[in-house]
Amino acid sequence: MERGGRAALALGLLLLLLLLGALLALREPAPGPARGEARGGGVQKTFRALLAAGREQQRQEEGEEDPPAAPVRRGIFWSRELEARVPPGFAAEEAAAWRAAARGARVASLERGGCGRSSNRLARLSDGSRACVRYGVSPEQIQGEALSYHLAGLLGMQQRLPPMALALVEARGRQWEPVREELRGSHWAEGAVVSLTRWVDNLTAVVAPAPWGGGRPRALAAGELGGLPAAQLVELVQWSDLILFDYLTANFDRLASNLFSLQWDPRVMRRATSNLLRAPDGGLVFMDNEAGLVHGYRLLATWDPYNEPLLRSVCVFREGTARRLAELHRRRNAAAELRRRYRAREPLWARLGFLSERQAELLQARVDFVHRHIAQCRAQAAAL
């Protein structure tokens with residue numbers, strides 16, 4: 001009995017010692033984290049890393065877009081958040097309504113100045129709106145203006161161009177009768193086709209941003225965009241479309257002409273870009289596209305040494321633009337689609353005609369070239 005009591009006492013003391021040891025262990029502070037390691041222990045850190053890695057793999061497999069902070073998704077496409085921030089420009093319904101109204105309105109007055117060349121006029125229409133009336137040095141300039149406008153629609157970037165319609169100059173016609181005297185002083189030929197472009201107030205000049213503002217075009221790629229503010233990124237989204245558009249139309253009367261002038265004016269790229277303006281909401285406006293397609297295609301040897309490096313400098317694109325170009329490349333029907341759209345939307349299209357067979361081939365070749373360039377950018381991004 002005495003022996004059993006001593007055994008129970010020893011067992012109790014042992015349990016008490018174990019309990020005290022456990023309490024001391026709980027009160028002892030955990031070792032401090034190693035430099036650069038988050039407090040919480042390697043096991044917890046590794047677990048969080050595994051969760052993050054698994055989530056990233058799932059995100060890639062499901063095709064989700066990058067986090068909002070990332071300006072580029074899938075290596076070469078502007079993020080959806082950035083595209084959503086781009087000012088809307090001229091909505092399709094609004095543009096169609098303006099074109100219809102301009103065709104039916106009477107020209108109340110014609111004024112010199114404000115619309116480029118001395119042969120152009122600023123018109124006030126009977127509905128109170130204003131329009132630039134462009135009278136080309138040759139009919140192909142008006143044709144180039146009209147075809148460029150409708151090609152922009154085919155590419156999904158027509159919202160960046162002011163609404164435009166064609167009109168027939170007839171001094172005794174209803175539309176021009178109020179300004180018959182002004183027409184005599186304009187030296188416009190009777191029966192000439194002119195373009196009416198919606199006048200836009202409060203536009204300001206645009207200087208080329210960093211990738212092109214220094215003279216020699218530098219790469220606009222995903223790796224070059226870190227740290228740029230959102231407003232600058234939103235503008236670059238629009239510039240990427242502009243440079244593709246000017247290459248497709250071979251328009252030399254914008255950034256290419258500024259690059260050409262570098263040979264005698266080293267500061268030209270720090271001045272306003274020709275035929276490019278900014279609306280009050282920050283949206284870019286692609287103005288005066290009469291050098292595109294017809295006139296530009298006759299001068300490829302002169303201007304492609306400028307337009308092609310500009311194209312190659314761009315390796316981030318709007319996904320919608322790339323998708324439309326891929327479809328035109330796959331179907332090989334760029335000219336046919338442009339003709340269909342032009343005929344459906346411009347009643348006077350036959351007065352100016354369409355692209356020649358050779359010009360149609362050049363348009364398709366340039367669509368194919370841009371599509372291959374986008375594919376090269378995708379391959380380069382995948383290799384990084």
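Visitor: What should I keep in mind before I start?

Guide: The model is predicted, so local features need pLDDT of at least 70 and side-chain atom pairs count only at pLDDT 80 or more, while totals for chains, interfaces and linings use all residues. Residues are numbered from 1 along each chain as its sequence is written, and side-chain values use heavy atoms, with hydrogens and water left out.

Visitor: How many residues does the largest nonpolar core have?

Guide: General idea: a nonpolar core is a set of buried Ala, Val, Leu, Ile, Met, Phe, Trp, Tyr and Cys residues joined through side-chain atoms within 4.5 Å. Buried means under 20% relative accessible area, exposed over 50%, and partly exposed in between (1.4 Å probe, protein chains only). Here the largest core has 75 residues, and Trp-78, Trp-212 and Leu-363 are among those with the most contacts inside it. Helix 8 (residues 230-249) gives the most, with 11 residues; helices (H or I, at least four residues) and strands (E, at least two) are DSSP runs numbered from the N terminus. At least three residues come from each of domain 1 (72-87 + 202-381) and domain 2 (92-198), with bounds from an automatic or database domain assignment. There's also a second, separate core of 20 residues, including Val-107 and Leu-196.

Visitor: Which residues is Leu-363 in contact with?

Guide: Contact means heavy atoms within 4.5 Å. Setting aside neighbours within four places in sequence, the partners of Leu-363 include Leu-151, Leu-248, Leu-293 and Tyr-297.

Visitor: Where does the kink in helix 11 lie?

Guide: The bend at a residue is the angle between axes fitted to the seven residues ending there and the seven starting there. In helix 11 (residues 300-312), a kink of about 30° lies at Tyr-306, shortly before Pro-309. Buried residues of helix 11 include Trp-303, Asp-304 and Asn-307, and the cover over its buried residues includes helix 7 (210-213), helix 8 and helix 15 (357-383).

Visitor: Is Gln-175 buried or exposed?

Guide: Gln-175 is buried, at 14% relative accessible area, in the loop between strand 6 (164-168) and helix 6 (180-186). For its polar contacts, look for a pair of N or O atoms within 3.5 Å; within protein, one must be able to donate a hydrogen and the other to accept it, and residues adjacent in sequence count only if both atoms are side-chain atoms. The side chain of Gln-175 has a polar atom 3.1 Å from the backbone oxygen of Ala-102, and this side chain also reaches the backbone oxygen of Ala-105 at 3.2 Å.

Visitor: How many salt bridges does a search of the whole structure find?

Guide: Side chains of opposite charge can pair when their charged atoms come close. A salt bridge is a side-chain nitrogen of Lys or Arg within 4 Å of a carboxyl oxygen of Asp or Glu. The search finds 24. One of them joins Arg-103 and Glu-346 (3.2 Å, N to O). Arg-103 sits in helix 4 (residues 92-104) and Glu-346 in the loop between helix 13 (334-345) and helix 14 (349-352), so the pair ties together parts 243 residues apart in sequence. Arg-103 is partly exposed at 28%, whereas Glu-346 is buried at 1%.

Visitor: Which residue forms a salt bridge with Glu-290?

Guide: That's Arg-117, with the closest N and O atoms 2.4 Å apart. Separately, Arg-73, Arg-74 and Glu-319 are linked in a network of salt bridges.
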